[in-house]
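Dear colleague,

I am passing on the structure that we talked about, and below it you will find my notes on what turned up. Please read them with the model open beside you.

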Amino acid sequence: MSKIGRILAVETSCDETAVAVVDNGRRIVTNVVASQVVLHSATGGIVPEVAARAHLRWMIPVLEEARSQAGIDDWSELEAVAVTEGPGLAGSLLVGITMAKTLAWVHGLPLVPVNHLEGHIYAAWLLDPDEPDRPAPEFPLVALVVSGGHTFLVEMVDQLTYRLLGQTVDDAAGEAFDKVGRLLGLPYPGGPAIMKAAAGAEQRDRVFPRAWLGDSFDFSFSGLKTAARREVARELGADVDTMSSDAQPLPEAAVAELAHGFQESVVEVLSTKTLRAAEEVGAQTIIVGGGVAANSVLRGRIEQAAAERDIRVIVPRPGLCTDNAAMIGAAGYFRARAGARAAADLAARPSLKLALPAA
Ligand code: KG4
Ligand code: ZN
């Protein structure tokens with residue numbers, strides 16, 4: 001007998017090999033993630049072929065770990081298999097899709113395709129195995145997704161329904177963290193490293209520019225990279241035009257101050273626009289998702305501003321903000337209920353979008 005509401009989810013879109021089992025779109029039964037961070041730190045970033053090979057290496061052990069933790073002996077206990085179809089790296093997506101397709105076929109289960117970005121939003125629905133129950137996010141809501149590859153704001157008036165409010169016109173917020181982290185000589189990925197360095201800043205007077213882009217809800221972060229280069233060159237007395245983008249030999253105090261100034265700029269723009277969007281659409285809830293939502297300064301700033309306006313904020317715990325399969329299991333449940341089904345020819349969609357700008 002299939003256990004209604006139990007979804008097994010597979011996520012391999014970027015550099016984490018992940019399998020989870022989630023009940024009713026909310027309760028995590030198990031959530032296994034094999035991270036490639038150590039592997040990619042050697043190159044200071046993700047090499048797509050290396051990532052795909054690592055997924056091949058870890059896919060079966062991660063699946064087996066999740067299966068055994070969830071105590072799945074009889075696969076008919078599952079309602080469906082959900083898998084990330086995109087966006088992401090083609091070779092990486094292919095490993096998870098092939099795995100999920102095979103599982104669905106062998107066990108006679110429906111295969112449900114999930115958009116990775118929708119997963120980052122539905123992470124807000126998740127409950128850890130021992131976590132007390134809490135109400136699901138209420139609509140209308142505004143979701144800010146800030147990851148290594150994406151930065152956008154959407155309004156949701158109902159499940160699975162998105163209206164794009166704004167998006168980055170150049171770099172994603174996480175990408176800016178990673179590039180500036182690299183310039184400052186911090187370890188990969190730059191986000192957590194910058195957050196840690198910034199917390200140790202004694203002087204907090206380095207001001208980086210803010211790209212407000214008028215009244216729009218769009219973002220721009222590429223100017224921050226240039227600003228950081230300029231600041232570093234000034235610190236070293238070097239020529240900004242010939243200076244490399246790799247680790248620069250800066251004193252620790254300067255790294256901390258620059259990390260702080262940079263982070264302040266990103267956090268102020270993200271939090272200000274998110275709050276303004278929430279007020280404009282009369283949101284009950286603000287959701288923040290994606291790897292950069294693991295940033296405690298960003299979380300704190302949005303929580304404080306929303307509390308003043310009586311808006312509920314849901315930011316998943318850091319491990320559910322970065323890539324994982326539980327979020328795909330949550331989104332996959334709602335997709336499955338809405339009738340989404342993939343055929344055996346499901347293909348990777350590296351450039352899949354969540355919502356398009358209004359015409
Ligand atoms: O969502 P994610 O795990 O993968 C993508 O789908 O891109 O996001 C990864 C990004 C990286 O750019 C990383 O630097 C950033 O999230 N990140 C952070 C923090 N933790 C991860 N950025 C700022 N502060 C953090 N604590
Ligand atoms: Zn992601």
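Asp310 is found in the loop between α9 (296–308) and β10 (312–314), where helices (H or I, at least four residues) and strands (E, at least two) are DSSP runs numbered from the N terminus. This is a predicted model, in which local features need pLDDT of at least 70, side-chain atom pairs count only at pLDDT 80 or more, and totals for chains, interfaces and linings use all residues. Residues are numbered from 1 along each chain as its sequence is written, chains are lettered from A and ligands numbered from 1 in the order in which they are written, and side-chain values use heavy atoms, with hydrogens and water left out.

Phi of Asp310 is near 65°, a positive value in a residue other than glycine, and Asp310 counts as exposed at 74% relative accessibility (buried means under 20% relative accessible area, exposed over 50%, partly exposed in between, with a 1.4 Å probe and protein chains only). Asn24, in the loop between β2 (16–23) and β3 (27–35), also has a positive phi, near 55°, but Asn24 is partly exposed, with a relative accessible area of 42%. Most residues other than glycine have a negative phi, and most peptide bonds are trans.

Where are the cis peptide bonds? One joins Gly86 and Pro87, with omega about -10°, and another joins Phe139 and Pro140, with omega about -5°. Pro87 lies in the loop between β4 (80–86) and α3 (90–107), while Pro140 lies in the loop between α4 (116–122) and β6 (141–146).

With kind regards
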